[in-house]
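Welcome, and please have your viewer ready. We will go from one selection to the next and look at what is there.

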Amino acid sequence: MRIEFVEIANFRKLISTRIGLSTDKTVFVGANNSGKTSAITALRYFLVDRERTSFCFNDFTLSHWPGIDTMGAAWEVAHVAQQPLPEPEWDAFLPFLDVWMHVEENEVHYVQGILPTLDWAGGRLGVRVRYEPKDREQLQKDYLTARANARDLQTAGAALAEARGQDATLFQVAIWPQTLVEFLQRRVTRYFTLQTYVLDPTACVDPEHGRALPQALNGSDPIEGDPFKGLIRIDEISAQRGFGHAGESKMEEGEALGSGSTSRKLSAQLRQYYKSHLDPYESPDAKDLLALKAIEEAQEAFNLRLSDGFESPLREMHTLGYPGVTDPNSTSQRACGPLKALTTTPQCGSSSRCRRVGLP
């Protein structure tokens, strides 16, 4: 039994890709930012880390984000107009991995849970592992509730400004979530899970012009359990993209700069108190909008200062083709902390606090 090839779709920059595997060794070779790491990560996420669910919303292909937002906007328009809600159409956006294996007849006991027919007698078998909503209707309902809360908060802010005789623009802040993408960037693991489907070997076709053509599921039901448990092992050595100075120590995010343990402990206590009682980003009310507006303006000013200060090295980075030859520009990220002007798209696991004003 061996894996002949895999097809990866809608995962990061891999929209629809077939990867053939040799019987001995397979080596991925390509330019920086060509998708090698995305392919290895997809194999690990879909086939090994199923129980730990390592996904985040940045694993959805970026070019699909506008379509996801359009879907969410259509839900909201219908909800506000008190019309029937459109059916959630997720299939075109969902990341998945198809595994195609060649299995001998005497190895059937390893794959009995994924046989396509009872008369199967050896040959090719296919399985799709897809990251999809657990309950599409519940996700739709919760998103519309979050949007309604955001609109109500904006209305309350405008009313408070009028009552105080203040300029209403002081209370105009981007309340989370503005879009379905923003909602899922903080909630995707709550609403999504991995499901496994058996594929039809007779419907497997060759790629066209280098693009894989995965088969449609056509209403197939998922199977229970992990069919690859105990069959596949992946060992990964992460790319080393930075080197620290010898003797350099690391501090946990939020620790004080003081050298004593007392200062770090006090810092942790103050941070916890702020998070529990004072943090305007969590469950804000209309009175918090003034503070949030001031924070937003301060971050914008700081970003402009950083952009000016680092203009020369950033320009030099662009000549080197960083972050990638197909997209050599470092882009500002609107929703991420004070260093956003110098960062590319943030990945899960980053120590930066990527947050948007709004309800939890």
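How much space lies in the second largest pocket? About 580 Å³, where a volume is the space filled by probe spheres set on grid points joined across faces, edges and corners. A pocket here is an open set of points on a 1 Å grid over the protein atoms alone, where a 1.4 Å probe fits, with protein on both sides within 12 Å along at least five of seven lines; lining residues have an atom within 4 Å of a point.

Before you select anything: this is a predicted model, local features need pLDDT of at least 70, side-chain atom pairs count only at pLDDT 80 or more, and totals for chains, interfaces and linings use all residues. Residues are numbered from 1 along each chain as its sequence is written, and side-chain values use heavy atoms, with hydrogens and water left out.

Select Ile-3, Leu-21, Ile-232, Arg-233 and Ile-234, the closest to the pocket's centre of its 22 lining residues. Next, colour β1 (2-11) and α1 (36-47), each of which supplies at least two lining residues; helices (H or I, at least four residues) and strands (E, at least two) are DSSP runs, numbered from the N terminus. The largest share, three residues, comes from α1.

**Stop two: Glu-4.** Stay in strand β1 and pick Glu-4. Is Glu-4 buried or exposed? Its relative accessible area is 19%, so Glu-4 is buried (buried means under 20%, exposed over 50%, partly exposed in between; 1.4 Å probe, protein chains only). Now draw a C-alpha to C-alpha distance to Gly-20: 6.2 Å in space, for a pair 16 residues apart in sequence. Beyond four places in sequence, Glu-4 touches Gly-20, Leu-21, Trp-100, Met-101, His-102 and Arg-124, contact meaning heavy atoms within 4.5 Å.

**Stop three: Ser-16.** Move to strand β2 (residues 14-20) and select Ser-16. With a relative accessible area of 11%, Ser-16 is buried too. Show its side chain: a polar atom there lies 2.6 Å from the backbone oxygen of Ala-212.

**Stop four: the core.** Select Phe-46, Phe-60, Trp-90, Leu-180, Phe-183 and Phe-192, which touch the most other members of the 46-residue largest nonpolar core. Such a core is a set of buried Ala, Val, Leu, Ile, Met, Phe, Trp, Tyr and Cys residues joined through side-chain atoms within 4.5 Å. Finish with another core, apart from this one, whose 10 residues include Leu-153, Phe-171, Ala-286 and Leu-289.

Notes: Polar contact = N/O pair within 3.5 Å; in protein donor to acceptor, adjacent residues only side chain to side chain.
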